[in-house]
Every structure is written in C-alpha cells, then in structure tokens.
Amino acid sequence: MKLGTVFIALAAATFSVTALAQAPIVIKFSHVVAADTPKGKASEFFAKKAAELTKGKAKVEVYANSALYKDKEEMEALQLGAVQMLAPSLAKFGPLGVKEFEAFDFPYIFDDTADLHKVTQGPIGAALLAKLEPKGIKGLAFWDNGFKSFSANTPIKAPADLKGKKLRIQSSKVLEEQIRSIGGLPQVMAFSEVYQALQTGVVDGTENPISNLYTQKMHEVQKHLTLTNHGYLGYAVIVNKKFWDGLPADVRGSLEQAMKEATVYANKIAQEENDSALEGVKKSGKTTVYVPTKEERLAFKKAMAAVHVKMADRVGKDLLQSIYKETGFDPTAL
Ligand code: LMR
C-alpha cells in the first residue's frame, strides 16, 4: 500500500471514530395520542429541552398517534428496548402485572387535580413508580391529562342511559367493573382503533378526556357527550431501565432536568388543552354537550360506588385507604 493511501485510510478511520463519538444518543419516545394533546405537546417540549440541556448529546425522537406501536405493543417494545421512552396512561400498567396503578381508575376517587397531585406528587406516587423497576422499567414522572366523560349516540343523563351499551375502555379490570356498575358492556380496545369502532357501530360509546375525544375526531361519530368527569386519565413517563442506567451520568442528569421542566409544562397545559378541546367540540356542532345537574352527577357517583368495594382487593385495600386519606373521598358515605 502506498503511503498516500495509508494516510487517507487513517484519516477516514479517525473521522468516523470522531463522528461516532459525536453521534447523539437517540431516545425513541412513542405514544398513542395526537401531537396536539397534553401528552403530545409535553413530549415535544421534553425533546426540545433534552437537546438543549444535553447540548445535542441526546436526541429525542417523538412518534405520536401510535405511529410505532399500539397500546399493548408499546409496553412490550419498551421492555425489549426497541423503544426507550413511553408515557402510557396509568390504566395500562395493570396488564403488565402492576395492578396497583388501577387505583387511578376508581370512579370519582379524585375530585379535582389538586386531589390528584397529593397522590402523584407525594410518597404514594413515588412508591408506585418504584414498583415498575422489577419489570425493567424506570418511572420518571406523572403527567396529567384530565377527567373522563362519557359519549354515545344517544343522550346520557342517568346511569340507566348507558345500560346495555357497548362502551370502549382501556385494558383495566377496574374500568371493566365501572362499566358493569352502570349496566354497560365493557369493550377493551386499543386507542388507535376507537374512532373506527365508533364510526362502524362496533361500540356504542366511550370515555376519555375531551382532548383525546376531540383530537381523534371521535366527536364527529358521537352525537352526545355528557361532562360526567367520572374518572381520571393521566400518564406515567417511563424508560427502559437498563438503557437509562447505562447513560453517561452527565447526559442522564440533563435529561432528568429536562423531564422536570417538561412535567411542569405538561401539568400546566393539561387543563387548558382540555378546555380548548371542549370549545372545539362545541363549535363543531356535531355533538350535543350536556352538563349534568348536581343530582344527576350524584346518581352516577352512587351507581359507581360499589366498584370501590368490589375492586379494592385488586389494587390493595391499604393503597386505596391511603389515597382516600389524601383526597378525603369516602365511597361508604354515598
Ligand atoms: C386511551 O387508551 O384511551 C388512552 O390511554 C389514550 C392516551 O394515551 O391518552
């Protein structure tokens, strides 16, 4: 080999080693909702902050709208390391075997976001996230969405109006029981399939925060929406633990800071996003929005109270009691 050729080969090798050293660590962040939702916006915010704080050492790629994986698959993909970060709704941890997360699915357990934050931002929330570690998952934060409301093609003013209706829910045993408590037929289905199922009549109705309903255009195929606000839907931001623990300490530290800031942002915009989605639904004129009276709301609460007794063992009585203690909710008083 001529000296010139050796020199060129050496220079090329040095260049590729340098390029390799500078290639950013890619973090694939997959989720199932639209980009213009609380979770969609917060994940984009995190991606930006991560690039900024790590000075380009980490690159977060956000995949919205189930572009990479549907509900169940994304959890498996995270455990296998095919994707590094997710923010599944809390209802989706039951099938993983961490049933305690279904505590968030109990109807009316949180009156408002202040109640919720006592749990997610306190020791109960931290203990719940720690339960993910044996599954190879590290929990980084809780992100809010909001309270769910029922929609259908017929008016909903009383629990009896949902009797015999096929209602799509997430894969949670507590949610199944909640639907049964009002005489409905629970239908577990991936989020990405709900619009079509509603459109074709495979299911009659569903429950979701308005931001999800609106951004998936479900209101275009549901004539009635009643603001029942009967249960909470929010997220845990999670990462593949092995991947996370293997990150250089400075990068991980910066990502932790980015997550802190993204969490503040997520929880700040969640209510605003749901409010503007509700405006959008109203403006569309496709769905009649009904606000239940105090008495009607109480009737839903009473009908669903039995879920707290029936499903207590699923999540653990002690955990439920510790949440009641924080929020002041008392199902036996209904
Ligand atoms: C659902 O499946 O209804 C929700 O979990 C979707 C989401 O992630 O908000």
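1. Let's start with the salt-bridge criterion: a side-chain nitrogen of Lys or Arg within 4 Å of a carboxyl oxygen of Asp or Glu. E272 and K268 meet it through their side chains, at 4.0 Å from N to O. These two sit 4 residues apart in helix α10, so about one helical turn separates them. Helices here are DSSP runs of H or I with at least four residues, strands are runs of E with at least two, and both are numbered from the N terminus.

2. Some ground rules before going on. This is a predicted model, where local features need pLDDT of at least 70 and side-chain atom pairs count only at pLDDT 80 or more, while totals for chains, interfaces and linings use all residues. Residues are numbered from 1 along each chain as its sequence is written, and side-chain values use heavy atoms, with hydrogens and water left out.

3. How accessible are the two partners from point 1? The scale first: buried is under 20% relative accessible area, exposed is over 50%, and partly exposed is in between (1.4 Å probe, protein chains only). E272 comes out as partly exposed at 43%, and K268 as exposed at 53%.

4. The structure holds 21 salt bridges in total. E176 is buried, with 15% relative accessible area, whereas R180 is partly exposed at 43%.

5. Which distant parts of the chain does the pair E177 and K310 link? E177 is in helix α6 and K310 in helix α12 (residues 306–310), 133 residues apart. The closest N and O atoms of this salt bridge are 3.3 Å apart. E177 counts as buried at 13% relative accessibility, while K310 counts as exposed at 59%.

6. Now the pockets. The search uses a 1 Å grid over the protein atoms alone: a pocket is an open set of points with protein on both sides within 12 Å along at least five of seven lines, whereas a cavity is a set of points where a 1.4 Å probe fits but cannot get out; lining residues have an atom within 4 Å of a point. Grid points are joined across faces, edges and corners, and a volume is the space filled by probe spheres set on the points. The largest pocket has a volume of about 270 Å³. It is lined by 16 residues, of which D71, K72, E73, P95 and S171 are the closest to its centre. Helix α3 (residues 71–80) gives the most to this lining, with 6 residues.

7. What is the class make-up of that lining? There are 7 nonpolar, 3 polar and 6 charged residues around the largest pocket. The classes go like this: Ala, Val, Leu, Ile, Met, Phe, Trp, Tyr, Cys and Pro are nonpolar, Asp, Glu, Lys and Arg are charged, and the others, Gly among them, are polar.

8. The second largest pocket holds about 180 Å³ of space. Its lining consists of G146, F147, I210, L227, N229, Q271, N274, D275 and L278. Two or more of these residues come from each of β4 (137–152), β8 (224–240) and α10 (249–284), and α10 has the largest share, with 4 residues. By class, this lining has 4 nonpolar, 4 polar and 1 charged residues.

9. On packing: a nonpolar core means a set of buried Ala, Val, Leu, Ile, Met, Phe, Trp, Tyr and Cys residues joined through side-chain atoms within 4.5 Å. The largest one has 50 residues, and F93, F101, F104, F110, L132 and I238 have the most contacts inside it. Strand β4 supplies the largest share of this core, 5 residues. Apart from it lies another core, of 43 residues, including V32, A141, L213 and V239.

10. Leaving aside neighbours within four places in sequence, F101 is in contact (heavy atoms within 4.5 Å) with L90, F93, L128, L129, L132, F142 and A236.

11. Finally, two backbone points to check. S66 has a positive phi, near 55°, in a residue other than glycine; S66 lies in the loop between β2 (58–63) and α3 and is buried at 14% relative accessible area. Y108 is not a glycine either, yet has a positive phi of about 60°. Y108 lies in the loop between β3 (85–86) and α4 (113–120), and counts as buried at 4% relative accessibility.
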